[in-house]
Amino acid sequence: MSSPAVVILLGPPGAGKGTQARMLEEDFGLVQLSTGDLLRAAVARGTEAGQAARAVMDAGGLVSDNIVLAILKDRMAEPDVAKGVVLDGFPRTAGQAEALDVLLASSGQKVTAAISLEVDDAAMVERIAGRYTCATCGEGYHDTFKQPAHAGTCDKCGGHAFKRRADDKAETVRARLEAYHAQTAPLIAYYHAQGVLDRVNAMGAIGDIRKELGRALGKVSA
Ligand code: AMP
């Protein structure tokens with residue numbers, strides 16, 4: 001891959017974007033950039049953007065493009081991003097995708113690859129309802145699919161505190177799936193038209209999907 005790469009992970013909530021983004025950090029030295037994480041941090045800090053975003057996020061809707069783009073631009077201006085980024089949860093609307101193209105073009109860049117993680121919606125509610133993360137390092141776990149090797153201790157950092165997202169309740173997940181299909185799924189065609197789209201079956205084991213992503217990105221030439 002050319003450096004700095006801009007890799008986009010597309011897929012509904014629960015498809016494994018966050019999990020795979022963290023693996024792409026390890027495998028390709030990319031920096032994970034999750035607008036959901038940035039928004040949750042803004043909510044926790046009580047910033048103006050966070051206060052405006054909170055109710056929308058709790059209801060499972062999409063935060064306005066203006067707020068998301070402002071947060072994303074600030075993050076993209078930080079120096080570590082020069083290593084290349086994997087965008088997790090962004091873009092989510094046609095307006096965001098177009099704004100990203102403009103932002104990248106201003107520094108002579110473009111999207112390197114957009115990978116659609118393809119899953120069955122029906123399985124997503126169960127996947128999401130069981131998930132939780134280490135409160136210290138953010139490593140992801142699941143009640144059914146991925147417990148820590150030693151109960152109550154994070155495999156990665158040894159932390160003992162874990163947390164679940166407020167918007168991972170079944171009714172909110174349904175709203176989030178609807179938002180995905182109405183506003184984000186059309187981006188699959190957008191990136192296909194740009195010639196950068198790859199589709200990966202994301203219903204299998206985490207390690208197998210990681211290998212598939214590695215293969216997909218390995219094909220992207222400098
Ligand atoms: P995520 O962590 O990606 O599942 O995002 C959690 C919530 O944050 C979403 O349900 C939206 O309310 C909001 N959000 C995250 N990224 C975006 C985005 N790119 N555009 C609009 N809303 C977003």
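A polar contact here is a pair of N or O atoms within 3.5 Å; within protein, one must be able to donate a hydrogen and the other to accept it, and residues adjacent in sequence count only if both atoms are side-chain atoms. This is a predicted model, so local features need pLDDT of at least 70 and side-chain atom pairs count only at pLDDT 80 or more, while totals for chains, interfaces and linings use all residues. Residues are numbered from 1 along each chain as its sequence is written, and side-chain values use heavy atoms, with hydrogens and water left out.

View 1. H142 sits in strand 6, residues 140-142 (strands are DSSP runs of E, at least two residues, and helices are runs of H or I, at least four, both numbered from the N terminus). Its side chain has a polar atom 3.0 Å from the backbone nitrogen of T144. The H142 side chain also reaches the backbone oxygen of R127, at 2.7 Å. With a relative accessible area of 7%, H142 is buried (buried means under 20%, exposed over 50%, partly exposed in between, using a 1.4 Å probe and protein chains only). Setting aside neighbours within four places in sequence, H142 is in contact with E126, R127, G130, R131, Y132 and Q147 (contact means heavy atoms within 4.5 Å).

**View 2. D121 and what it touches.** Look for D121 in helix 6, residues 121-129. D121 counts as partly exposed because its relative accessibility is 27%. Not counting residues up to four places away in sequence, D121 touches P12, L177 and H181. As for P13, it is 108 residues from D121 in sequence, yet the two C-alpha atoms are 9.0 Å apart in space.

**View 3. Helix 2 against helix 3.** Here helix 2 (residues 35-45) packs on helix 3 (residues 48-59) at about 115°, with the axes 8 Å apart (axes are lines fitted to C-alpha atoms, for helices over the stretch in contact, and angles run from 0 to 180 degrees between N-to-C directions). From helix 2 come G36, L39, R40, A42 and V43, and they meet G50, A53, R54 and M57 of helix 3.

**View 4. Around the ligand.** Of the 16 residues around the ligand, T35, R40, G61, G89 and Q96 come nearest (a residue is near a molecule if one of its heavy atoms lies within 4 Å of it). R40 has a polar side-chain atom 2.9 Å from a ligand oxygen. For R176, a polar side-chain atom lies 3.5 Å from an oxygen atom of the ligand. V63 uses its backbone instead: an N or O atom there lies 3.1 Å from a ligand nitrogen.
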